[in-house]
Amino acid sequence: MKISVIVPTLNEEKVLRGTLNRLKKSMDLDLIVVDGGSQDETVAIAKEYTRKVFVTPPGRARQMNEGARHAEGEILLFLHADSTIATGGIGKIVPAITSLHAVGGAFQLAFDSRNILMRIVAGLANFRSRFTRIPYGDQGIFITRALFQKLEGFPDLPILEDVAFATRMKKEGRIAILRDKITTSSRRWKKEGIFYTTLRNRLFMIGYQLGVSPRRLASCYRNIR
């Protein structure tokens, strides 16, 4: 089964080359980059690695859905531009679908930081995803293309589109949380503060679970950044 890797980008010139380099070395992948209107060299860098580079209005859900439209693989993997999957990790996706009979899944989260607090944040995130079977986008969500089409893609939300999508995906069957790690950048936590960022994210998640509109949450997010 072929895997299509879809990478949404927006001004990611500092990290994109490392991510795409790692993907090129892993296995034969259908690599797709969908940019949301970068003002830096992101698009030029992407074109060094794949002919499938597309530009859409900004919005991660919109970008990922556009990438899926051009995918050739039977499995879709949605990967953030600042995330890299451990060696051999992508090779575990097909067995998860075929042997474990999962409809999709994700990886265990790690951060590119030795800070003990960041390790705790990752540990709590992994405990949550293994317990709820609802992964977040920075864990590298993968899904069969057939089910993605059935679900009509990611909902066009300004925030938490990954949680909304994974919740719908869980209702369709088994979600595999692989033991292989995906390492994502801790830049946002470093910039905004570990305690503040963690608390804000948790409050937003509670608000979403209580029925607060993602659009209202996005408005609050913009106002408090």
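Where is Gln-63 found? Gln-63 sits in helix 3, where helices are DSSP runs of H or I with at least four residues, strands are E runs of at least two, and both are numbered from the N terminus. A word on the ground rules: this is a predicted model, in which local features need pLDDT of at least 70 and side-chain atom pairs count only at pLDDT 80 or more, while totals for chains, interfaces and linings use all residues. Residues are numbered from 1 along each chain as its sequence is written, and side-chain values use heavy atoms, with hydrogens and water left out.

- Gln-63 is buried, with a relative accessible area of 4% (buried means under 20%, exposed over 50%, partly exposed in between, with a 1.4 Å probe and protein chains only).
- The side chain of Gln-63 reaches two backbone oxygens: that of Val-34 at 2.8 Å and that of Thr-9 at 3.0 Å.
- Beyond its neighbours within four places in sequence, Gln-63 is in contact (heavy atoms within 4.5 Å) with residues including Pro-8, Asp-35, Gly-36 and Thr-56.
- Ser-83 belongs to strand 5, residues 83-85, and is buried at a relative accessible area of 1%.
- A polar contact of 3.4 Å links the side chains of Ser-83 and Asp-82 (a pair of N or O atoms within 3.5 Å; within protein, one must be able to donate a hydrogen and the other to accept it, and residues adjacent in sequence count only if both atoms are side-chain atoms).
- Leaving aside neighbours within four places, Ser-83 also contacts Thr-19, Asp-138, Ile-182, Thr-183 and Thr-184.

**Nonpolar cores**

- The largest nonpolar core has 37 residues, and Val-7 and Phe-142 are among those with the most contacts inside it (a core is a set of buried Ala, Val, Leu, Ile, Met, Phe, Trp, Tyr and Cys residues joined through side-chain atoms within 4.5 Å).
- Apart from that core lies another of 21 residues, among them Phe-78 and Ile-141.

**The cavity**

- There is one cavity of 30 Å³ or more (a set of points on a 1 Å grid over the protein atoms alone where a 1.4 Å probe fits but cannot get out; lining residues have an atom within 4 Å of a point).
- The largest cavity holds about 50 Å³ of space, a volume being the space filled by probe spheres set on the points, which are joined across faces, edges and corners.
- Its lining includes Arg-60, Met-64, Phe-78, Ile-141 and Glu-161.
- Helix 3 (60-69) and helix 7 (161-170) each supply at least two residues of this lining.

Technical notes. 1 Å grid on protein atoms, 1.4 Å probe; cavity = no way out; pocket = protein on both sides within 12 Å on 5 of 7 lines; lining within 4 Å.
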